Amino acid sequence: MKRYHWLFIVWAFALVGCHVSVPDNASRVHRMANVYPDCHDAVLPPNIAPMNFNILEQGDEFIAHVYSDADPSGIVCEGPTIYFPEKAWSTLLSSAKGKSITTDIYVKNDGQWQLFESIKNKVAEEEIDHYITYRLIPPSYEGYGQLAICQRNATNFEERVIYDNRFYDNEENGQCINCHVPQDYNRTHRSQFHIRQEKGGTVFMDGNQVKKIDLKTDQTLAAGVYPAWHPKRNIIAYSVNKTYQVFHTKNLQKVEVMDFASDLILYDVENNRVYDIDRAADEFESFPAWSADGKTLYFVSAHVDVEADSLVDRLVNDYQGLHYNIYKRSFDEKTMSFGERELVFDAAALNKSAAFPRLSPDGRYLLFSMADYGQFHIWHHSSDLFMIDLTTNELVDVSKMNSPFTESYHAWSSNGRWILFSSRREDGNFTRLYMAYFDKNGRVSRPFVLPQKEPDTYQRMMLSYNVPEWMVNPVSPTLSEVAHGVGQSAIPAQYAGSSIRGESKKQSNTQEFDNQLKNAVPY
């Protein structure tokens with residue numbers, strides 16, 4: 001029995017300890033080692049994938065020892081690339097839930113081991129949602145021939161393609177696929193994404209069923225673009241946008257993506273009907289977002305002077321003067337109707353412009369991005385994340401999530417404790433996904449990048465992450481099932497009038513914009 005017990009201990013150490021041991025004669029170095037990715041001081045989820053990293057110090061041998069007070073033996077691995085075994089990593093985080101883990105890094109030079117200052121990370125009690133969806137896209141404005149919607153299990157390294165636009169791409173016709181958005185964190189197994197150009201339409205996934213709808217009617221500006229699925233009802237609010245690119249000749253920021261017109265619509269999925277929400281000709285409405293209880297719709301809107309001689313010319317030449325504010329409308333589920341528009345945050349008064357309002361699951365916090373102008377903030381280095389406590393109408397300090405480069409799209413986890421957002425902080429060019437812990441007292445912690453199995457993935461990867469969303473369940477249809485649905489003819493939606501209580505319809509200036517755009521000179 002004793003021999004059997006000893007063999008079990010040796011076998012377990014081989015799995016956890018990677019066949020190496022901690023040096024016992026190392027001299028101290030009074031700084032932290034250079035590593036990539038660097039996640040020191042970040043609060044970690046107790047179910048995050050292993051935080052593999054590269055040790056960037058000069059040396060002949062490298063060892064990393066990560067441990068907790070409850071598990072002092074922890075994991076010992078040899079470098080310079082540190083790969084933590086998934087089961088051992090999961091066990092270690094479980095032992096440190098609500099406490100901390102410590103990482104000690106040893107580097108050997110000329111026969112002498114050196115021990116750097118410890119890296120400390122708190123481990124939260126609250127878990128992250130298992131799944132994230134996002135687009136992978138080249139960070140260029142010149143083409144979109146390589147574009148995929150992917151799903152990642154954030155508790156390990158499993159990734160799958162939900163849809164790739166190269167399925168129906170050819171030399172003459174291409175596709176552009178928009179963001180994937182689930183209903184209620186995909187608890188209902190319903191989600192959707194939009195396709196422009198070849199085989200265009202909005203693709204709906206309900207369980208394993210896939211169908212495609214044409215949301216453009218003869219009474220609406222365009223098909224649905226930026227969606228917000230009601231958390232309880234099978235209805236979706238969309239912005240419908242006439243979006244174009246304009247190009248600078250001198251500005252280092254070469255491209256500007258702008259709305260030349262935009263409205264809000266409501267789509268009743270079960271009855272295949274489209275309703276107007278907000279189609280004022282002198283307002284550019286975009287980026288709808290529901291409150292968690294489904295009783296309020298938030299969105300951004302910019303006021304424009306439609307009496308200008310050439311609205312298109314004015315927008316192109318005065319693009320820095322376009323500022324979006326955050327508004328809301330109450331919603332009555334029984335009558336499927338909206339109340340009057342109410343101002344929530346006046347960004348224009350600050351000479352700023354807001355985008356992407358997102359409400360926390362408890363309804364208390366409003367998270368949004370804000371830049372110097374416009375609403376397509378992924379191109380704006382001035383874009384940062386901001387938050388309002390709706391119980392006090394005061395700003396919450398989330399500066400730890402911001403950087404000198406772009407922070408743009410963001411999403412709350414289902415328990416409200418984790419914020420997922422996109423950032424170009426690493427090099428100013430490629431967008432990566434970061435997570436930050438948001439505690440019960442309204443304090444945000446230092447963010448960390450989504451871990452990859454190969455730590456240098458982001459340094460080699462020539463694609464950007466775009467429009468991330470959390471999910472508690474994976475997408476059900478396979479890639480081939482989604483592709484088959486995309487290949488089917490789109491079912492036309494039916495226009496059903498206005499959904500605004502007591503408000504007469506306001507006609508959009510769609511034809512006027514189309515006429516101006518045909519004659520517009522590229523900027």
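Histidine 65 has aspartate 104 as its bridge partner in S7, and in S5 the residue standing opposite histidine 65 is valine 76. These pairings are read from a predicted model, in which S4 (residues 61-67) is largely enclosed by the rest of the structure, because 6 of the 7 residues of this strand are buried.

**Strand S4 and its partners**

- Strand S4 pairs with strand S7 (residues 100-109) in the antiparallel sense, and 7 bridges are found between the two.
- Strand S5 (residues 75-78) also runs antiparallel to S4, to which it is joined by 4 bridges.

**A sheet of three strands**

- Strands S2, S3 and S6 form an open sheet of 3 strands in the order S2-S3-S6, and the pairing within it is antiparallel.
- Strand S2 (35-36) and strand S6 (81-82) each have a single partner strand and stand at the edges, so one side of each is left without a neighbour in the sheet.
- Between strand S3 (residues 53-55) and S6 the antiparallel pairing extends over 2 bridges, and within this part of the sheet phenylalanine 53 stands opposite isoleucine 82 of S6.

**Salt bridges**

- Aspartate 278 and arginine 329 meet through their side chains in a salt bridge, with an N to O distance of 2.9 Å. This pair links distant parts of the chain, since aspartate 278 lies in strand S21 (residues 273-278) and arginine 329 in strand S24 (residues 325-332), 51 residues apart.
- Both partners fall under the 20% limit for a buried residue, with a relative accessible area of 4% for aspartate 278 and 2% for arginine 329. Through shared partners, salt bridges join Asp278, Glu283, Glu285, Arg329 and Arg341 into one network.
- In the salt bridge between aspartate 164 and arginine 166, the closest N and O atoms are 2.8 Å apart. Here aspartate 164 counts as buried, at 11% relative accessibility, whereas arginine 166 counts as partly exposed, at 45%.
- Arginine 187 forms a salt bridge with aspartate 184, and the closest N and O atoms of that pair lie 2.8 Å apart. Arginine 187 is partly exposed at 41% relative accessibility, and aspartate 184 is partly exposed as well, with a relative accessible area of 23%.

- By residue class, the lining of the second largest pocket divides into 9 charged, 6 nonpolar and 2 polar residues.

How values were computed:
Residues are numbered from 1 along each chain as its sequence is written. This is a predicted model: local features need pLDDT of at least 70, side-chain atom pairs count only at pLDDT 80 or more; totals for chains, interfaces and linings use all residues. Side-chain values use heavy atoms; hydrogens and water are left out. Two strands pair if DSSP finds at least two bridges between them. Ala, Val, Leu, Ile, Met, Phe, Trp, Tyr, Cys and Pro count as nonpolar, Asp, Glu, Lys and Arg as charged, and the others, Gly among them, as polar. A salt bridge is a side-chain nitrogen of Lys or Arg within 4 Å of a carboxyl oxygen of Asp or Glu. Buried means under 20% relative accessible area, exposed over 50%, partly exposed in between (1.4 Å probe, protein chains only).
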